[in-house]
Amino acid sequence: MNYQESAAKGQGHYGHHRDRERHLYARSSQRAAVNVYRTDNSYQMLVFAPGRIREHFHLEVKGNELIISYLPPEGFPRPDWVHREYSRGGFVRSFTLDETVDPGQIQAKYVDGVLQVSLPVVPGKERVSVEIPVS
């Protein structure tokens, strides 16, 4: 699995909400931070997105790309910030999946402000590790 900076930021994925999404993504100066680690049989992705509503996350695989997005509900409160270092707004992140990931078995859950995404590796498709010496 490889990280790919989202080219989808500012582009809608849901058709009828396209203008609203474009506005929300463009206004969001921050995005959800992501950490990925490897286990023996999967990649585990942690999307740090506190203060969001579980039902407003959207995960989709298009071709070899995993797209994770969040769109806040209509009427979501927007305080008159005095100081702001963190955003609860919409975001889009995309990741390129290689042949080692089984897209049909991806699972996600939102716990304590972290979207936990499990990307199982297809048995027998694990990548071989080759060390390259530095001269």
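Start by selecting Asp112, in the loop between strand E7 (107-111) and strand E8 (114-120); strands are DSSP runs of at least two residues marked E, helices are runs of at least four marked H or I, and both are numbered from the N terminus. You're looking at a predicted model, where local features need pLDDT of at least 70, side-chain atom pairs count only at pLDDT 80 or more, and totals for chains, interfaces and linings use all residues. Residues are numbered from 1 along each chain as its sequence is written, and side-chain values use heavy atoms, leaving out hydrogens and water.

Stay on Asp112 and check its backbone: phi is positive, about 50 degrees, although this residue is not a glycine. Asp112 is also exposed, at 77% relative accessible area (exposed is over 50%, buried under 20%, partly exposed in between, with a 1.4 Å probe and protein chains only).

Next, pick up the sheet. It is open, with 4 strands in the order E2-E3-E8-E7 and antiparallel pairing (two strands pair if DSSP finds at least two bridges between them). At the edges sit strand E2 (33-38) and E7, each pairing on one side only.

Now zoom in on E2 and strand E3 (residues 42-48), which pair in the antiparallel sense over 6 bridges. Click Tyr37 and look across to E3: its bridge partner there is Gln44.

Finally, colour by pLDDT, the predictor's confidence in each residue from 0 to 100. The chain's mean is 80, with 76% of residues reaching 70 or more. Where pLDDT is low, the predicted coordinates should not be read in detail.
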